Amino acid sequence: MKAAVLHELGQAPRCEEFAEPTAGKEEAVVRVRAASLKAIDRQLAGGAHYASPRELPVVCGTDGVGHLEDGTRVFFGGPRRPYGAMAERTVAPRAFCFPVPAGIDDDIAAALPNPGVSAWLSLTQRAKLAVGETVLILGATGVTGQLAVQIAKLLGAKRVIGAGRNARVLGRLRELGADATIQLEQPGDLLKEAFACEAGNAGFDVIIDYVWGRPTETLLAAITKSEFAKVTKETRLVQVGESAGATIALPAAVLRSTALTILGTAGIPAREVLVDAMQQVMTRAARGELRIETERVALTEIESVWGRPESGRRIVVIP
């Protein structure tokens, strides 16, 4: 069968022949229809992830959409190495195969669950977003950030502010539900002013942060109080990504002058929570309530697109 085969960490995989998979106990062979190319796929192949493969060659791809032997269309995750999702066929645990509702094309069904479930869980399980709250999405022009904007609105946020760097996507965030947008690539003093203006006197209830680095430092400076003030509510900042930097400087005054709680996203949620999030995301996509931009690429082109930076669209590999 044809597959995206990785022979050396740090190099792009190549489309070539690979051995056919066979299913073991509690496993299923999946005839793959589509598999998305995500940051974690590149990290694993680059050797930068703690779960990067130690034995090569392997097939790349952590999840996708395909058909089981009985014809059921499923979204699958966790293929057993050396097999991966970017192949004509793979093998995955049956427990990680989820039925896909009708009305969703294969490329959307492959691209949506990973970022969609991530955004859903960040807002519901970590931030515990309540109806009527104000949400700031830092990194709203990325694939996951765009979904976070939409999901925040679906969950009842009163106001959603999207901050990002991609000018093209920033211009369409209002179509996805954003009430205001902030361009992150501007001088620090202007960015601080923009954050302060959108925060107003009420401030932000929830911040979902996909960028970290300088933009987050500027945001924290903008919400730091310069005088004693009555605390009326807590701001919950959920740290998800680090596309703008891996570290920040955190002045003590930020934590002493504001009711700020910083949360991470580590850990795998209980299966019932994960299944519910998957169903919510897929069902809402089938109803047209969640949108994601995709770019379909043939498996034979995997080597040429592997290093392409994300542009607000999710690349989907079609075997």
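Predicted model: local features only at pLDDT ≥ 70, side-chain atom pairs only at ≥ 80, totals over all residues.
View 1. The cut-off for a disulfide is a pair of cysteine sulfur atoms within 2.5 Å. Searching the whole structure gives 0 disulfides. Cys15 is partly exposed, with a relative accessible area of 25%, whereas Cys97 is buried, at 13%.

**View 2. Packing of helices α3 and α9.** Helix α3 (residues 113-126) packs against helix α9 (residues 271-286) at an angle of about 115°, and their axes lie 9 Å apart. The crossing is right-handed. From α3, the contact involves Pro113, Gly116, Val117, Trp120, Leu121 and Gln125. From α9, the residues in contact are Val273, Leu274, Ala277, Met278, Gln280, Val281, Met282 and Arg284. Sorted by class, the contact of α3 with α9 has 10 nonpolar, 3 polar and 1 charged residues.

**View 3. Surroundings of helix α7.** Helix α7 (residues 213-223) is largely enclosed by the rest of the structure, because 8 of its 11 residues are buried. The buried residues are Gly213, Pro215, Thr216, Thr218, Leu219, Leu220, Ala222 and Ile223. They pack against strands β9 (134-138), β12 (206-209), β13 (235-239) and β14 (260-263). Helices α6 (188-199) and α8 (252-257) are also packed against by the buried residues of α7.

**View 4. The largest nonpolar core.** This core has 48 residues, and those with the most contacts inside it are Leu123, Leu129, Val135, Ile137 and Ile208. Two or more residues each come from helices α2 (106-111), α3, α4 (143-154), α5 (167-170) and α9, and from strands β9, β12 and β16 (314-318). Helix α4 gives the largest share, 6 residues. Another core, of 24 residues, lies apart from this one and has Cys60, Val74, Phe76 and Leu299 among its members.

**View 5. Contacts of Leu129.** Leu129 is among the residues with the most contacts inside the largest nonpolar core. Setting aside neighbours within four places in sequence, Leu129 is in contact with Leu123, Val135, Ala152, Leu155, Ala157, Val206 and Arg236. Of these, Leu123 and Val135 are also listed with the most contacts inside the core.

Terms used:
Residues numbered from 1 in each chain as written. Heavy atoms only, no water. Axes fitted to C-alpha atoms, helices over the stretch in contact; angles between N-to-C directions. Helix = DSSP H or I, 4+ residues; strand = E, 2+ residues; numbered from the N terminus. Left-handed = near helix turned anticlockwise from the far one by under 90°. Contact = heavy atoms within 4.5 Å. Nonpolar A, V, L, I, M, F, W, Y, C, P; charged D, E, K, R; others polar. Buried < 20%, exposed > 50% of the residue type's maximum accessible area, 1.4 Å probe, protein only. Core = buried A, V, L, I, M, F, W, Y, C linked by side-chain atoms within 4.5 Å.
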